[in-house]
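Here is a short walk through one protein chain. Start with the whole, then turn to local detail.

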Amino acid sequence: TVSLFLDGVRATQPVALPEAMQGKALFPVVNFKNVSVHTNFGSEPKCQLPFTCRTMQQMDNKDAVVAPSGLPGKDGKYEVVFPIGLPDEGTFDWLDEFLAKNPTHCELSDRAIIKWAESSGMRPPMVNSWKNSNDKPDVNFGIPMMDDFSVRRVLNAVVATQPRNYVVMEVKANLVPSERGELMKKFNTPMYKKVAQVTMGEPAADFKKTILDELLKQKQDSVELAWKIRKAENEREREREKIIKAQKLRMEEIRKEELNRRKEEALKAVADAGAEVQEGEVKKEEGDAEMKAEDGEAKKEGEVKEEEVKKEEPKDEEMKQEVKEEEEEKEEAEEPMPVVELTEEEKKQNFRKKAVSDLTNWNLSSQIANFSLPIAEDGFDDVRFTWSKKAQAEEHFKAWLLRQKILCRMEDLTPGDWFKQRLADWQKVLTEWHMTHTEWNDPVKQAMRKAEAEHAKAKAKEEKKAAAAAVAAASAAEKKEGEGE
């Protein structure tokens with residue numbers, strides 16, 4: 001539980017710790033709004049408490065978690081690392097490896113804020129929106145200061161007063177000079193050494209091995225999950241078959257009980273028939289003969305039924321044996337857990353492909369023209385190239401830029417004067433075409449065109465007829481003149 005005392009007097013009743021925080025080391029945090037509070041983390045309490053309690057300074061090592069001190073380097077300065085890498089090319093994987101090797105460095109990123117929140121028992125729901133990325137996750141805790149990342153502003157104000165080694169993980173901002181400069185302003189004090197860590201080009205061998213091991217683990221986990229689903233389905237199928245077979249056996253038992261009942265009835269009928277035969281000895285010979293005949297038939301029927309029961313008994317045993325053999329066969333044929341290996345194509349991969357990208361498509365396309373590598377004029381105290389040397393890293397960066405400019409949709413393109421003029425000309429021609437098309441489809445004008453065409457056709461026919469008559473008249477005149485001569 002957690003209790004609050006004010007000048008030695010209990011101010012609140014004990015509050016139970018959340019389940020996610022029980023059994024863990026807790027760092028005391030006192031937070032009030034618009035109030036100045038004096039807290040005592042000394043060796044002795046300021047006031048006498050109604051119970052015995054050790055202070056922070058009196059804490060035993062077994063009740064505490066000793067963290068690295070994060071002392072400054074040999075030059076007396078704390079190191080602030082700015083990782084500069086290409087989106088989806090091992091950015092956060094490199095960061096995880098770096099933090100594992102340098103536990104004194106504290107990560108400053110939205111990812112770190114979410115991890116701290118989850119460690120405090122807050123569980124954000126899964127999101128699948130176009131705004132979600134590894135660099136800027138789109139979360140929904142249901143708490144305004146968490147959802148709008150106001151806590152980021154508070155954190156930025158605190159880091160300037162809390163000197164220690166930091167890793168400022170901002171994928172987009174660290175690639176854009178102006179935003180990179182704004183981040184560096186928070187550490188413009190002599191106690192900090194600002195380092196640009198460029199992670200571009202061909203990764204180191206140990207990083208590749210880590211990535212391949214992670215790829216193999218992901219592939220194995222995926223195959224194992226599918227195998228467990230198949231195994232569970234087979235188990236359910238076996239259970240269903242067991243239930244069906246149990247029902248069949250029960251039906252056989254019921255049938256057997258019915259046969260036993262019929263057998264008992266038959267035996268009883270035989271006994272009753274025997275008693276009737278003894279009583280019939282004092283009767284007439286006709287009745288005696290008739291009873292003997294009935295007695296014979298009853299005995300014969302009882303023997304037949306008894307034989308049927310005896311024949312059915314082995315069938316039950318055979319069915320049980322068959323069920324047992326089928327179960328043993330299925331147990332022997334159970335699929336073993338598969339073991340996978342990486343293909344040759346997968347072994348050539350340098351980076352993992354994650355479900356969520358480091359940057360959204362809109363962020364990448366709108367800022368790609370501003371991306372650049374760090375230079376001495378940016379204000380860094382040191383520029384380190386982790387994987388490839390400077391020349392190879394620059395070549396890799398240029399090749400990546402050209403490829404992305406081909407693949408990315410440019411969201412911030414604006415048309416120039418030449419395009420605007422050509423567009424206006426095209427729209428004018430298109431409007432004329434639309435007007436011509438509309439006039440052509442007008443019914444009234446279609447009728448007028450049809451009438452004009454018929455009139456022109458009739459006129460041409462008359463002209464042709466008149467021309468033919470003129471030719472005929474001319475021929476007749478010529479012929480007449482020839483006869484006169």
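**From the whole to two local sites**

Of the 485 residues in the protein, 25% are buried. The model is predicted. Its secondary structure consists of 12 helices and seven strands.

How much accessible surface does the protein have? The total comes to about 34900 Å². Carbon and sulfur atoms account for 55% of that surface. Now consider the contacts. Take those between residues at least 6 apart in sequence: 77% of them join residues at least 24 apart.

Next, look at the surface itself. Which residues form a nonpolar patch there? They are Trp 418, Phe 419, Leu 423, Trp 426, Val 429 and Trp 433. Together they have about 660 Å² of accessible area. Pick out Phe 419, one of the residues in this patch. Phe 419 belongs to helix H11, which covers residues 417–440.

Asp 88 is not a glycine, yet its phi is positive, at about 65 degrees. Where does Asp 88 sit? Asp 88 is found in the loop between strand E3 (78–85) and helix H1 (91–101). With a relative accessible area of 39%, Asp 88 is partly exposed. The class follows because partly exposed lies between the limits of 20% for buried and 50% for exposed.

Technical notes:
Residues numbered from 1 in each chain as written. Predicted model: local features only at pLDDT ≥ 70, side-chain atom pairs only at ≥ 80, totals over all residues. Heavy atoms only, no water. Patch = residues over 30% accessible without salt bridge, like charges linked within 9 Å, V, L, I, M, F, W, Y side chains within 5 Å. Areas by Shrake-Rupley, 256 points an atom, 1.4 Å probe, with all protein chains shown as cover. Salt bridge = Lys/Arg side-chain N within 4 Å of Asp/Glu carboxyl O. Helix = DSSP H or I, 4+ residues; strand = E, 2+ residues; numbered from the N terminus. Buried < 20%, exposed > 50% of the residue type's maximum accessible area, 1.4 Å probe, protein only. Contact = heavy atoms within 4.5 Å.
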